[in-house]
Amino acid sequence: MEKVSEKPNSETQSPPNHQMDADDDDENVKQLKECSSLYLSLQDCLVDSNRDWKSCQKHVQALKACHERKMKK
C-alpha cells in the first residue's frame with residue numbers, strides 16, 4: 001500500500017469564499033458589470049460574519065450606491 005502524504009492545512013490554498021456562489025450564479029454576477037466586485041465583496045463579508053447583515057452594512061451601502069449610479073446612466 002502506498003502512503004500518500006497530505007499537505008498541512010496552512011499550505012492548502014482554498015478558493016475565495018464566494019467561489020462556489022460565483023460559479024453557480026456566474027451569469028447573474030456578470031450582469032452586475034461594474035458592481036460585480038462589490039457584490040462579491042459583500043458575499044465574502046456575509047460568509048466571514050456568519051450571514052450577519054449588520055456587520056456588512058458598509059458593503060451593502062457600497063453595492064447600493066453602485067447600483068444607483070448605474071441606473072442613472
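Select Cys35 and Cys66 to begin: with -95° about the S-S bond, their link is left-handed. The sulfur atoms of Cys35 and Cys66 are 2.0 Å apart, and a disulfide here is a pair of cysteine sulfur atoms within 2.5 Å. Cys35 sits in the loop between helix H2 (26–31) and H3, while Cys66 is in helix H4, 31 residues apart. Helices are DSSP runs (H or I, at least four residues), numbered from the N terminus.

This is a predicted model, in which local features need pLDDT of at least 70, side-chain atom pairs count only at pLDDT 80 or more, and totals for chains, interfaces and linings use all residues. Residues are numbered from 1 along each chain as its sequence is written, and side-chain values use heavy atoms, with hydrogens and water left out.

Next, select Cys45 and Cys56, a disulfide with sulfur atoms 2.1 Å apart. The torsion about its S-S bond is about -95°, so this disulfide is left-handed. Cys45 lies in helix H3, and Cys56 in the loop between H3 and H4. At 0% relative accessibility, Cys56 counts as buried (under 20% relative accessible area, 1.4 Å probe, protein chains only).

Now show Cys35, Leu42, Cys45, Leu46, Cys56, Leu63 and Cys66, the largest nonpolar core. Such a core is a set of buried Ala, Val, Leu, Ile, Met, Phe, Trp, Tyr and Cys residues joined through side-chain atoms within 4.5 Å. H3 gives the most to this core, with three residues.

Finally, go past the end of H3 to Asn50, whose phi is positive, near 60°.

Note on methods
Buried < 20%, exposed > 50% of the residue type's maximum accessible area, 1.4 Å probe, protein only. Helix = DSSP H or I, 4+ residues; strand = E, 2+ residues; numbered from the N terminus.
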